[in-house]
Amino acid sequence: MIKFIGKRILSVLPVLLVVSVVIFSLVHLVPGDPAAAMLGDLATEQDIAALRARMGLDRPLAQQYFIWVGNLLRGDFGVSVVNNETVASMIFSHIKPTISLAIYSLCIAACIAVPMGMVAARNKGSAADHGVTAVSLAGISLPSFLLGLFLMLLFGVKLRWFPVSGYKGLEEGLGAHLKSLTLPAVALGFMNAALMMRMTRASMLEVLGSDYIKMARAKGVREFSLMAKHAFKNTLVTLITVFGQSVIQALSGAAVVESMFAIPGLGQLMVNSIGRRDYYVIQTIVLLIAVFNVLVNMVVDILYGCVDPRVRVN
Amino acid sequence: MAERILEVDNLCTQFKTERGLLKAIDGVSFEVYRGEMLGIVGESGCGKSVTSQSILRLYDEKNLAVYSGQVRFEGQNLFDLSQKEMQKIRGARISMVFQDALSSLNPVFTVGNQIMEALMIHQNISKKDAREKAVKMLGMVGIPDPEGRFFQYPFELSGGMRQRVMIAVALACRPDILIADEPTTALDVTIQAQIMDLMVEMNRKLDMGVMLITHDLAVVAETCHRVLVMYLGQIVEEGLVEDIFDRPLHPYTKGLIASIPKLDSQKGEKLHQIKGTVPVLGKVPEGCRFAPRCPYAGAECRTKAPELKKVNESQKVRCHLADRRADRG
Amino acid sequence: MMREGAISVELPYVSEGMDEMEQLRRSLEKEQRGIRIRRFTKNRGSVFGLTVVTVMVMLAVLAPVICRYDPLALDTVNRLQGSSPEHWFGTDSMGRDVFARVLYGARISLTVGFLVGITTGFLGVLIGLYASANKVADNILMRICDGLKAIPSTLLAITLMTVLGADIKNVVISLVVVSVPGMARLARGQAMVVREQTYIESMKCLGAGKTRILWKHIAPNIISPVIVQVTFVFASAIITEAALSFLGAGVPAPAPSWGNILNEGKGVIYTAWWLVLYPGAFTALTVLGLNLLGDGIRDFIDPMSN
């Protein structure tokens, strides 16, 4: 088991390397001069040259890359060209709402989707099953920003149950905090919920049709323990994967949802930085989420091994 | 004869499909006696497996299967029981062994756990006792180092060992009847023989009725006391092993026996084969179901369906021409 | 348990003659095609999807004929009007006709989605095929794909758009970059499977050139799953384009893309709900239609899947 975990952790390193190279190249292989682009039309020659020097753009690309990675490893993400704040502190001050939102939306998605998917699989062809299939189809066709707008129209504008925008921090009370995050969390979580439902249903159906379930039934296992023990543990592998994907989806989807509902999180920071052409901020946020993604996948792989003994051997 | 423990009476199983009900087995009747080994043979698709799984009511009754007829276990019709009562029969009184042990054992639980589970469901015993009994079971089915194997997962065992584990799971609660659905088909020939020896040994030791479902007539000839031959969802011939192998009456049985490869056959001699293939369910021929493939079929056979008739003390056959040929010997 | 297609074919009794075998094969094939078409038309979802997509394409193509207004024409007197016989979907904050903007928006969205789908399909097959043929190329290409796939697609698209600048051409480029890794992986996987099959082996023995084997024998055999995937890429490109435009990083402002209309609509959501509802409904409907169509095509190509 320890050998298995060690192997998994080691296998992450090359992917991280590629990710960092890809993100580095994205920003640096742009046609034109990033310094000039950042500063806009009003900048003077000296300003641009100064910024180039500060960004190290006058050095060879390979050297720039190693300096960048070295800085990253020391926790130095650079300084925003817009307001001279360090990128690290900007990210730090924006991370809390994003985490809240992600957790909230994941909870909503998982609590609804997993039991619903199981019920649908158990009663294949029933009204509940058709409902679940319809919802999961709607989920993959309704991107979060569209659903967010529709939710705003219905619950914010028409019914006035929830605020259309405005974020209340945890320090203003849990109730107010959750209330201000409910619409964005649903908007963000719906697609995940749909995916989870679909996958839960599909893998549950596969498991329920398997020989070992028949065998367990022939052994006299009660219907509940058939589902809760025999089927569930085998479905867990799928659920872990979907959940891992959903975590990433919740973080990356935050960009759109946060800026829509005016939540001062990472997503909004990123979208605001688009207009300001603040490459460092965007680059760093994307890198952090990509690294997080790789790590989540690693954890998913390790959990696989815990659930399914067969994975540990290969 | 010994005690009659299971009576299947006019059992029909129909499946709900996209194109309506499909009759998979049609009026199957037979008995199982304590201590006997009953072979059920036929080509694939003839309804052997459906029969066995219908006895335990393993098909989903809401969406898939419709049963009719009776299955009486110790006089009690199993179709009258609730699912809860049925669960007390399954695994405890009537057990089942499937063809492919790798897919039939749950991959994410240890083999010991899976044997213990059967014990703990049906017998009110502590975890510790269950563990002890499970280890004993592993030893009984001939697994070396049962304590060590107890903690292994199915994928870590060889095919033969897995099959033994599955037999251990099925026999853990000392059932009255063991249904073995093609228990050796997925195995190598040498392992097949070992598993069959184990089945015979268990049959004697535990004095239970064993229903051995197989398409391998050689296995039946060696191990079973009585034989049912099925074709297209019906029993076409029933009798003692000697009856069936020495005096087969149904042309289908004769065909099956003739197609067993023999060691003493001449090199280059062609193996016998029954003409044609099993028709698809739902396209059952009129008259005798075997008529389109039968070398002897006459006009009567193509229009009138024959009944399963008793021809002597132990033998029954479903064929219009059987009487005549029985006389001829 | 019982699959249609698997059991509805009646096998005649085994016969010796080659001709009869050939006939049997033909009748089987014909039966298969029948099953496929029946499956497709019987599945209300795929028929619905096909209908929606067709209608959307028609609306987009015929937009200049259907619309009485220029989608860019300002009319400040009639701003933020609700729906009326004059303006079916109302007007926006600059008095532009929303119906016209939504239909012209369909042109932009469908064009972007189509271009992205086709380009991704082509590049994906190209990369996948060569990756499957060459170990070194495979390692390099697939590592790059892994790296790209590790970055969530929306974020990658946003980054690319920031770097490249808001422009419809750049939207297509970004979305292609985002979608190609998945397609390449799919094509490579399929090509690997086909490669293992014996007839490719025998081709090699016959001395067929590498390129010839790749394009003449492997490519046609991996095309079905690629087509299905192209449909889904099409759908997700429409979503991402709308999201990018909604964030102001997609198609530049005055152009009537669905995302742009929604972006404007969000600002006046309290007074002009129609600015959100109509383009939103069009987007959702188109994406739903494409997804259903994709499912339908998959069932059509492989009736046994599902």
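Predicted model: local features only at pLDDT ≥ 70, side-chain atom pairs only at ≥ 80, totals over all residues.
## A walk through chain B, then over to A and C

Strands 9 and 10 of chain B are antiparallel partners, joined over six bridges. For a landmark on that pair, show B:M230, which stands opposite B:I235 in strand 10.

Next, zoom in on B:G233. You'll find it in the loop between strand 9 (226–231) and strand 10 (234–240) of chain B. Is B:G233 buried or exposed? It's buried: 24 other C-beta atoms sit within 10 Å, and the cut-off for calling a residue buried is 20 or more. Who's in contact with B:G233, once you skip its neighbours within four places in sequence? Select B:K23, B:A24, B:I25, B:D26, B:C46 and B:G47. Draw a distance to B:K48 as well: B:G233 and B:K48 are 185 residues apart in sequence, yet 7.7 Å apart C-alpha to C-alpha.

Some of those contacts take you to a second sheet. B:K23, for one, is in contact with B:G233, and strand 2 of chain B covers 20–33. That strand is part of an open, antiparallel sheet of four strands, in the order 2-1-4-5. Strand 2 and strand 5 (76–77) stand at the edges with a single partner strand each, so one side of each has no neighbour in the sheet. Follow strand 4 (residues 65–73) into strand 5: the two pair in the antiparallel sense over two bridges, and B:F73 stands opposite B:Q76.

Zoom out to the whole of chain B. It has 13 helices and twelve strands. The radius of gyration is 21 Å, close to the 20 Å that the globule rule gives for 329 residues, so chain B is as compact as a globular protein of that length. Its C-alpha trace spans about 65 × 50 × 40 Å along the principal axes, and 45% of the 329 residues are buried.

Now hide chain B and bring up chains A and C. Their contact takes 40 residues from chain A and 34 from chain C. On the chain C side, helix 11 gives the largest share, eight residues. By class, that side has 23 nonpolar, eight polar and three charged residues.

Last stop: the nonpolar cores. The largest has 150 residues, and those with the most contacts inside it include A:M196, A:A290, C:V102 and C:I158. Centre on A:A290, which touches A:V19, A:I23, C:A150 and C:I151, leaving out residues up to four places away in sequence.

Technical notes. Residues numbered from 1 in each chain as written. Chains lettered and ligands numbered in written order. Rg over C-alpha atoms; globule rule 2.2 N^0.38 Å. Buried ≥ 20, exposed ≤ 12 C-beta atoms within 10 Å, placed from the backbone. Contact = placed C-beta atoms within 7 Å. Nonpolar A, V, L, I, M, F, W, Y, C, P; charged D, E, K, R; others polar. Pairing = 2+ DSSP bridges. Core = buried A, V, L, I, M, F, W, Y, C linked by C-beta atoms within 7 Å.
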